[in-house]
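Student: I have a structure to read and would like to go through it step by step. Can we do that by question and answer?

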Amino acid sequence: MSNQIRVETRNLSLNFGLAKILKNLNISIKSNYVTAIMGPSGCGKSTFIRTLNRLNDLIPECRIEGEVLLDGINILDKKIDVVELRKKVGMVFQKPNPFPKSIYDNISYGPKLHGLANGKKLDEIVERSLKDAALWEEVKDRLDKSALSLSGGQQQRLCIARTLSIQPEVILLDEPCSALDPAATAKIESLMVSLKKNYTVIVVTHNMQQAARVSDFTAFLYLGELIEYGETKQVFNNPNNKLTEDFITGRFG
Amino acid sequence: MVNEQVKEKYIKILLYVAASLSILILIAIMFFITIKGIGMITFEFLTTAPYRFEYGGIFPQIIGTLYLVGVCIGFAGPVGILAGMYLSEYAPVNIVTKTLRFFIESLAGVPSIVIGLFGLAFLVYYMHLQISLLSGGLALGFMILPWTVRASEEAIRAVPFSYREASLALGASKWQTIKQVVVKAAAPGIVTGILLGLGKAIGETAVVLLTAGSGLESFLPRSIFEPVASLPVYLYMIATQGHTSEAYTRAYGTALVLLGIFLTINIFASLVRNYYIKKHLVRFG
């Protein structure tokens, strides 16, 4: 059981214009575990993880205070190279969004972009990524077919493979199963658990049972504030905060 | 109520007639031209040059039209795509952009004879490009530019934001994302827009008349600085100044060839479009 902290936020606050979305968050996320960020709709969980790979930079009215440390370095610093950051922190989105290209080209996009490999080495990377995302067997004979011809669940695993192709350290997943059926969801959930061996997994979910199933640690957010954070077993069986308990028992959602 | 049902029936008939009318007019034109012009279509007609104005064939005219359209697309295609990229991805929402867009749209409304005159004054004389393939092609390019810009902009804008997000999340820059994901995803729309512009340019008479040549050339241009023949201008000349009894038949024959090229391009555009749609099968998972 490693105790190394991979991502740490210090007094993280975020505003969209005048609206306060995140209020003074202090969270330490451990390496090689699955950490779930859960909470009701609108509590700021998606905004939170999008801060971790600076995707919020795309929104002009967004103002951030505080620090976000990745391996001890503040990634909110203006001098940070966002491209390098996004090589280390990958993201899988809520709705599967494979490029309208072939399966092979989807996976090779990242490595080619960063000049990591070409030719045979690229083939190896594509194969490895698809294997790590538990998709290789299903697509190995049709790598040149369009990614959009895959089912929803397969597309999402493709997106995970695409994220893995550049070998990040942290994988962010923003409600990855909300657009999928139960069978596909189950596959993605077991995949998330297996990924923690080599990566730090942070998953946003509004599905409590999913958080309980897959994560080692859970953070409960409500209206932009961190209400509770601890080992999943403890948060679910013995919550410290009444609000947490109300959420878990379904008094609100 | 019976009254409403009867109304429905009559309206349906009325709408059907209106739709049929459009199709009938197109069929009538094609039929008429074909009947009157088919007699003119011989191997010689298509492969030899005009001889003494109204004899011989229209080979240089056919090739000339294709050359002109080539130069036209060579200009309006890339400029249209780049302008479309700018308007969709980089232009801020302000009065400058609004004005820019207004001017581009207005260009679409300028009468083609005026564009031809502009081509004559600016390209032929001021820029010293002479009456030539280059002048004609560029003038045609000016004419169809609003269409390639608009088609490109709309196609690029229609590319879902989720693709851009995915690309940026992998560490791509904005330009890399546009170049390698967005434009490629917008390709079907862009190509269709270009092909449609091509269709407009092919039959354009007024512009070409003033900038490219007399239409009666019996030779192919050896460079883009030489005059070039074209089908629409040749047709115009023959129909208005032909002396022989054959003149009108010749005009119909030319019209038939022009129509043939135009339809081929449109069918090709449809096939290309279908290929892209087929290749991507299901659009969103």
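The questions below go from the single chains to the contact between them.

Student: What radius of gyration does chain A have, and what would a compact globule have?
Tutor: This is a predicted model, and the values are computed from it. The expectation for a compact globule of 253 residues is a radius of gyration near 18 Å. Chain A agrees with that expectation, because its own value is 18 Å.

Student: What share of the residues in chain A is buried?
Tutor: A residue counts as buried if 20 or more other C-beta atoms lie within 10 Å of its own. The C-alpha trace of chain A spans about 55 × 45 × 35 Å along its principal axes. Of the 253 residues in chain A, the buried share is 47%.

Student: How many helices and strands does chain B have?
Tutor: Along the sequence, the pattern of chain B is α-α-β-β-α-α-α-α-α-α-α-α-α. Its C-alpha atoms fill a box of roughly 70 × 70 × 35 Å along the principal axes. The secondary structure of chain B comes to 11 helices and 2 strands.

Student: Which strands stand at the edges of the open sheet in chain A?
Tutor: The sheet has 6 strands in the order β6-β7-β8-β3-β9-β10, with mixed pairing. An edge strand has a single partner, so one side of it is left without a neighbour in the sheet. In chain A the strands placed this way are β6 and β10.

Student: Which residue in β9(A) is the bridge partner of A36(A)?
Tutor: Strand β3 of chain A covers residues 34-38. β3 pairs with β9(A) in the parallel sense, over 4 bridges. For A36(A), the bridge partner in β9(A) is T218(A).

Student: At what angle does α6(A) run to β6(A)?
Tutor: α6(A) lies across two strands of chain A, β6 and β7. Angles here are taken between N-to-C directions and run from 0 to 180 degrees. Between α6(A) and β6(A) the angle is about 170 degrees.

Student: Is D71(A) buried, exposed or partly exposed, and what is its phi?
Tutor: D71(A) sits in the loop between β4 and β5 of chain A. It has 14 other C-beta atoms within 10 Å, so it counts as partly exposed. Most residues other than glycine have a negative phi. D71(A) has a positive phi, near 50 degrees.

Student: Where is L223(A), and is it buried, exposed or partly exposed?
Tutor: L223(A) lies in the loop between β9 and β10 of chain A. L223(A) is not a glycine, yet its phi is positive, about 50 degrees. Because it has 15 C-beta neighbours inside 10 Å, L223(A) is partly exposed.

Student: How many residues on the side of chain A that touches chain B are nonpolar, polar and charged?
Tutor: In the contact between the chains, 23 residues of chain A meet 19 residues of chain B. Elements giving two or more residues to this side of chain A are α2, β6, α3 and α6. The residues of that side divide into 11 nonpolar, 9 polar and 3 charged.

Terms used:
Residues are numbered from 1 along each chain as its sequence is written. Chains are lettered from A and ligands numbered from 1 in the order in which they are written. This is a predicted model: local features need pLDDT of at least 70, side-chain atom pairs count only at pLDDT 80 or more; totals for chains, interfaces and linings use all residues. Two residues are in contact if their C-beta atoms, placed from the backbone, lie within 7 Å. Ala, Val, Leu, Ile, Met, Phe, Trp, Tyr, Cys and Pro count as nonpolar, Asp, Glu, Lys and Arg as charged, and the others, Gly among them, as polar. The radius of gyration is taken over C-alpha atoms; the globule rule is 2.2 Å times the number of residues to the power 0.38. A residue is buried if 20 or more other C-beta atoms lie within 10 Å of its own, exposed if 12 or fewer, and partly exposed in between; C-beta atoms are placed from the backbone. Two strands pair if DSSP finds at least two bridges between them.
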